[in-house]
Structure formats: C-alpha cells, structure tokens
Amino acid sequence: MAQWERLRQLPAVYGQQLHELYDRDALPMDVRHYLSGWIEKQEWERAARDHDLAAVLFQVLLENLDIQHSRFFQEENFLLQHNIRRSKQNFQRYLDEPCALASTVLWFLEKEKEILASADLAEQVQLLHVEQEAMETSSQQDLERQLAGLRNDVQCMEHTIICLEEQQDEFDFKYQTHKMEAVADEAVRNEQMKVLQLLVNKLNDCRKSTLSDLNKLLERAEGLIELLVKELQEWQRRQQKACIGAPDNVCLDQLEKWFTCVAVCLFHVREFLVKLEELVGKVSYENDPVKAQKPALQRRTDTLLRALLNSSFVVETQPSMPQGKGQMVLRTNVQFSVKTRLLVKFLELNNSMKVDVSMDREAPQIKGYRRFNVLGTKTKALNMAESQSGGMVADFRHLTLKEQKSGGGSKGFSDISLSVTEELHIIYFDTVFELKGLSVELQASSLPVVIISNSSQQQSAWASVLWFNMVCQDPKDVMFFANSPAATWQQFGEMLSWQFLSATKRGLDEAQLEMIAHRLFGKQPNYNSCKVSWSKFSKENTPDTFWVWFDGILVMVKTYLEDLWREGLIMGFVNKGKEKSILKKKQRGTFLLRFSESVIGGITFSWVETTFIGEPYVKTVQPFTKVDLSQIPFHEIIRNFQIFEAENVPENPLLYLYPNTPKDEAFGKYYVDKIGDDSPYIVYIRTKLMFISKENTLEAKSPMPSDMAQGEGLEPVGPLYGEAAEQDVDLLHLQCPLETHPDPMLSGSVEPAMEDFITCLNQNICDIQQDEPDFCFQGFNCLPPQSCGSIFQ
C-alpha cells in the first residue's frame with residue numbers, strides 16, 4: 001500500500017501528528033495529497049545531491065501542479081484552485097536551488113515514515129497485550145473499585161441530604177403550627193412539646209449522621225487522591241522513559257477520567273455543605289453539629305480539591321523541535337512546540353483558562369549559567385479542539401528561545417562549571433482554575449531541557465537528555481550534572497536498546513548487549529554489578545567517545561540499513577574474537593555483518609576461507625561508511641562483491657549468511673532488477689568492489705594502517721599461526737601505477753611489494769597479491785588510513 005494511503009488510514013491520534021507535520025508551507029498537504037503517487041516514486045535522496053535530477057523533478061512538479069489546477073478549474077473547485085496556484089508560486093523560490101526542494105520533500109517523507117513506525121510499534125504493543133485495558137495492575141483495579149465506591153457514596157449522600165431536608169421541613173411545619181395554635185390546655189401543650197422534642201432530637205441525630213458520612217466520604221477521596229498522585233508519578237516516569245525511546249504507554253485519557261471523577265465528587269461535597277448551610281439558616285438550635293463541624297469540613301474539602309487540581313496540570317508533550325534529534329533538545333531562535341493538559345475536565349471551562357509560559361524561574365546561581373527569554377505566542381487557552389481525545393489542552397507550536405545578555409556581576413555565584421550541553425533549564429506554565437467559587441493557581445513544568453546554539457551540539461545535548469532521564473528521579477534537578485550518579489548496566493543496556501527500538505522497531509538482543517558490555521568493562525562473569533559513569537558514556541576518549549561511536553552506528557542503521565537490521569540480517573555488535581570463533585565452525589563462504597569497533601558509523605563483513613590444506617581462516621573487509629552507503633545500498637555491495645581468483649575467474653566469496661542462510665535467500669528481495677552493465681551502481685561496482693588475487697609465495701612486511709592498528713584489521717586465525725603471530729600481522733603493500741585520487745574503499749598509502757607488483761587491468765581494477773596463507777587485498781587507488789572497503793586478513 002502506498003505510504004500516503006497508509007497514513008490516511010491511521011487512528012486519529014496519528015492523524016493529528018500528520019496534521020501537525022504539515023502545519024507549515026514548505027510542503028502543503030494539498031500538494032502531498034494530490035501528487036502522492038508521483039512524489040513517492042521519485043528518487044528524492046539522490047536528487048538532494050544531484051542538481052540535474054533535482055532540476056528535472058522541480059520542473060515535473062510544476063507541470064503536475066498545472067495539471068491539477070486545470071482539473072480543479074474544470075470541476076469549478078475554487079478553493080483548491082487557489083491552494084494549488086499559491087503552492088506553485090511558493091515553489092518558485094526553489095528555481096535556483098532545486099536540491100533544497102528535494103531535501104525538503106525527502107525530510108517530509110522521512111517524518112511520515114516515523115509516524116508510521118510509531119503506529120506500527122503501538123500496534124505491536126497492543127498485540128503484546130500491553131494496551132491500557134490489559135495493563136491494569138492490582139492497584140489500578142483497586143483504584144477503580146474505590147472510585148466506584150466514591151461515586152456511590154456521593155449518590156447516597158445526595159439522597160441523605162434530601163431526606164434530611166424533608167425531616168427538617170416536617171419539624172419546621174409542626175413547630176410553626178404549634179406556635180400558631182396557641183393551645184391553652186397545659187397537658188396538650190406539653191404533649192405537643194414532647195413530640196417536637198422527639199422530632200428535633202431525630203433531626204439532630206440525622207445531622208450528626210450526615211456529617212459523619214461526609215467525613216467518611218472525604219477520607220475515601222483523600223485516599224483516592226493519594227493513589228492518583230502515585231499513578232501520576234508513575235506516568236511521569238513512563239513519560240521520561242518514553243522520551244528517550246522506551247515503548248511505554250503515556251496516554252493520559254485514563255488518568256483524566258480518574259482525576260475528573262474525584263473532582264466532580266468533591267464539588268458535589270461542596271454543594272452538600274452549601275445545602276447544609278441553607279438548612280441551618282432555616283432551623284438551628286443549641287449545640288447544632290452543623291455549625292460546629294461545617295467550617296472544618298469546608299476547609300478539608302477545599303484542601304483536597306486544591307491538592308487534586310495542583311497535580312492535574314501537566315505537560316503532556318515535552319518541548320521538541322520539528323527537526324531535532326529528540327525531545328528536550330532546543331536551539332536558540334528555532335521554533336519548538338510543547339503541549340500542556342488539565343486532567344480535570346469540565347465542559348464549562350473550555351477556552352476560559354489561559355496558560356502563560358515562562359522560563360528558569362529558579363535558575364541556579366552558577367557562573368556562566370545562561371538565561372533565556374521565551375518568544376512567540378506565550379499565552380494560550382486550554383481547549384478541547386486541539387486534542388483528538390477531547391482533553392483540555394494548550395498546544396504551543398510556535399515558541400522560540402533567545403539568550404539574555406549576561407550581566408557583569410557574579411558575586412555570590414558558585415564556582416561549579418557546566419558545559420553548554422550539561423546546563424539544564426525548565427519551562428514553566430501557569431494558569432488559574434476558577435469554578436463555582438473556587439479559585440486555584442496551577443503550575444506545570446517541563447522536564448529539564450538542554451539549549452544549544454549550534455546544530456553541531458545536538459549529539460552531545462541528546463546524550464545529556466538520555467542520561468538525565470535514564471538516571472535522575474527528580475525531574476526538577478537542574479544541577480544534576482554537577483555530580484551525576486552512575487548508571488547500572490541494566491539501566492544503561494535498556495536505554496541503548498530503546499534507541500534502536502524507537503529508530504528501527506528492533507532493539508538489541510542479549511548477545512549484542514553483552515558485546516557492548518564487554519567493550520565497556522572487559523570480560524566479566526556477569527555485568528549485573530557493573531556501572532557506567534557519565535564521563536565514560538560521553539567524555540572519555542574525546543572526540544570519539546562511547547556515545548559518538550554508538551550514535552554513529554545508530555544513525556547509519558536508521559539512514560541506510562533499517563530494513564536489513566529489522567529483518568535480523570545484521571549481527572551488528574559482535575567482537576572480533578567471537579566473530580572468528582563462530583565463523584571458523586562454518587562452511588567456506590559463510591559470512592556475517594558487524595559494526596566497526598574503530599571506525600565511527602562503519603559496517604563491515606567477514607567470511608570464512610580455507611587454506612590449501614582445508615584449514616579455515618577469516619577475512620574481513622575494511623568498514624563501509626556513509627560515503628559508500630550513500631552511493632550504493634549495502635545489500636548491493638554484498639551482492640556484487642567479487643574477487644578475481646586464479647585464471648581471472650570472478651568469484652563472490654560471500655555465499656551463506658551466518659549461520660547457514662543462502663545469501664540470495666537472505667537479501668534477494670532487496671536486490672535491484674537491473675544487473676551487469678545495466679545496474680545503476682555499475683560504476684561503483686567496477687571501481688570498488690572487484691579485486692584480483694595472484695598466488696605468490698613472497699613475503700613482505702609493512703607497518704599497519706591506522707585502522708588495523710586500532711583493532712579493525714582481521715587477525716590471522718589459521719592453525720599455522722600462534723599467539724605471537726596474531727599480535728604481529730604481516731601485511732602486503734600494493735602498488736598501482738594509476739593516478740591517486742580519493743577512494744573511500746582503500747586503506748593506507750601504496751608502496752612497492754618486494755619484486756612483485758600489482759598489474760592493473762584497467763583504470764577500475766587492479767591486482768591483489770597474497771602470501772600464503774596471509775592475505776592482504778587492496779583496491780586500485782591510494783588513500784590515507786581509515787578508508788573503507790579494502791580487504792585484509
């Protein structure tokens with residue numbers, strides 16, 4: 001099914017996300033809708049870097065808009081004529097920069113895929129029975145029972161008040177009648193007074209009973225509020241985790257139902273107290289219990305209502321930029337959005353409560369700590385129109401931040417120093433709840449945000465957001481990074497898995513997490529007691545910190561390898577020792593795909609070969625990075641990778657994806673239809689994926705290229721080599737008489753190799769020489785270390 005059709009069939013909550021996405025002029029929804037088929041068939045990614053193709057697509061886009069305009073003219077659809085004509089005029093600004101248009105369309109298509117991925121993930125969550133109904137815990141079930149009890153108590157109290165009023169009316173009628181009759185007979189008068197005394201005693205007992213029942217009702221309400229606050233705190237923790245990728249349910253509809261129920265009941269109690277006040281005004285007597293107890297009941301009711309209301313105002317959607325790396329990372333002078341919600345829903349308050357935005361009300365006194373002003377539409381009314389579920393929300397979509405000019409004085413400021421991406425800031429939201437004589441000032445606050453001024457700071461800022469929301473239990477601790485606690489391995493591994501799960505819908509398995517733990521802590525019997533410090537996560541080995549390495553892999557997978565990763569075709573996180581041990585047990589040509597441990601954002605493959613006596617050993621190709629993957633899909637690299645062995649017979653050494661799946665069975669559905677000279681990737685294939693090997697008994701030694709020195713090169717694994725040989729890898733340098741130019745597939749500079757040298761077949765392919773059984777395959781061009789695609793053992 002076409003992408004746009006799938007989007008149109010999504011539930012309303014995702015439809016709202018789609019409307020928010022297209023709430024801008026860069027790509028109008030009308031254009032996306034009426035040209036959906038054509039838009040989805042074009043190569044926008046290629047056009048974003050190919051000016052000629054982008055220019056062609058730009059012209060075709062304008063022609064399609066003309067066709068649509070003519071159609072609407074014939075149908076006399078004036079509104080759509082206007083929209084299409086306006087869109088065409090707006091697109092004219094891309095006349096000189098068609099690649100910018102291609103990038104814009106590509107961005108929208110990627111955001112659409114993210115919405116679809118979220119919907120798919122939610123569907124999977126439902127299939128796993130973690131939807132709201134199935135997630136009911138015993139405490140939630142108890143809460144539902146208590147809510148039902150509270151509603152029943154209120155109904156009973158309503159009936160009690162009516163009975164009390166009737167009883168009082170009976171006493172009042174008889175008392176007034178007795179006064180009017182003025183009976184002369186003393187005995188009759190005394191008898192009447194006894195009857196009246198019995199009635200007033202009964203009325204007094206009824207009033208005491210009513211007040212006692214009101215106290216019990218308030219005790220139940222107080223217990224429910226405590227449970228609701230606990231449920232809200234758990235929701236807030238789930239929201240923290242969901243903001244960093246956890247598949248947690250953060251829907252507020254159920255909480256809104258519970259909060260509203262308790263609030264309605266408490267407002268009924270206030271009405272009951274008003275009614276009691278009216279009854280006392282008509283009939284009162286000495287030691288009247290209502291006069292004595294009503295003020296305390298009124299204070300207790302209002303206190304409970306205030307506590308409930310203060311907890312009910314929350315930030316439903318944390319601050320985020322449209323094109324940011326994640327939530328809570330904001331950039332100065334770039335628009336961001338945030339949504340607040342009132343969980344107590346009264347129809348009469350729709351559009352009457354104004355919400356104001358402010359910033360850093362209690363900023364820490366630290367030298368260099370920046371302060372910001374909030375710009376844009378800073379006041380909005382809580383309303384039901386901006387929520388698909390009908391909740392009371394204020395959706396701020398066009399806010400920006402501007403840094404205040406720092407003053408000269410810093411007397412009394414702490415000497416604690418925080419980096420820009422360790423500074424945490426809180427956005428506050430204020431409103432006033434006014435209903436039926438009760439007025440309560442409410443405040444909500446965002447989770448701490450990191451504010452940057454340059455896009456290059458996004459990666460580091462997102463690391464701070466991940467760490468804070470993974471470890472911190474106090475959502476207002478803006479000094480968290482002054483002394484950040486360590487994370488347990490369980491917390492850390494779970495967070496890493498969430499990054500892949502949210503980006504690709506497939507998390508990390510236990511084996512992959514174990515490899516990462518091995519990288520961090522070395523070999524351990526188990527990692528349950530291990531901890532990761534903030535410094536180890538994002539500061540050590542700058543600039544290539546652990547987070548930079550991990551995030552580089554994540555971005556590469558999301559951008560170029562998502563389908564392969566989701567299908568489980570990439571083993572990914574596996575160290576070279578484990579790689580060798582599992583491959584050597586397999587048949588010749590078995591290969592696996594893993595992420596580079598030393599090249600940021602690199603992926604490589606290793607495969608089993610056999611010596612002339614049948615002993616297995618492993619070869620590895622130097623990592624491919626975005627330089628390669630932006631030119632050719634990785635599955636096409638695997639499909640077309642070739643070595644020219646003896647007699648120049650080309651052979652692809654990659655035969656079976658580990659453990660034993662035939663290569664074409666694993667990757668065939670991703671192949672392009674055209675092959676050979678008709679392949680759209682033929683230039684890349686001929687220049688960078690074909691190598692020639694000549695048998696040679698000569699040996700040649702050379703210093704290790706830097707990639708291999710960092711551990712990326714394959715170590716000898718055959719039985720002819722001992723530990724010493726594995727620590728001192730012999731490499732064969734190659735020489736090619738071609739002109740040197742950048743080639744991301746090659747490693748190291750090229751030097752003569754003893755007496756033998758490489759014979760270049762043409763300007764695309766050169767020979768590869770090998771010792772026996774040490775191999776070192778190189779492409780035909782020369783490149784400084786840390787290039788991608790060369791083969792070595």
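## Burial and basis

Buried means under 20% relative accessible area, exposed over 50%, and partly exposed in between (1.4 Å probe, protein chains only). Glu562 is buried, with a relative accessible area of 15%, while Arg566 is partly exposed at 30%.

This is a predicted model, in which local features need pLDDT of at least 70 and side-chain atom pairs count only at pLDDT 80 or more, while totals for chains, interfaces and linings use all residues. Residues are numbered from 1 along each chain as its sequence is written, and side-chain values use heavy atoms, with hydrogens and water left out.

## Salt bridges

The structure holds 34 salt bridges (a side-chain nitrogen of Lys or Arg within 4 Å of a carboxyl oxygen of Asp or Glu). One of them joins Arg566 and Glu562 at 2.2 Å, N to O. Both residues lie in helix 17, four residues apart, about one turn of the helix. Helices (H or I, at least four residues) and strands (E, at least two) are DSSP runs, numbered from the N terminus.

Glu112 forms a salt bridge with Arg32, with the closest N and O atoms 2.7 Å apart. Glu112 lies in helix 8 and Arg32 in helix 3, so the pair ties together parts that are 80 residues apart in sequence. Glu112 is buried at 0%, and Arg32 is buried at 0%.

## Aromatic pairs

There are 41 aromatic pairs (rings of Phe, Tyr and Trp, its six-membered ring, with centres within 6.5 Å; planes under 30 degrees apart count as stacked, over 60 as edge-to-face and the rest as tilted). Among them is the tilted pair of Phe267 and Phe433, 6.3 Å centre to centre with 35° between the planes.
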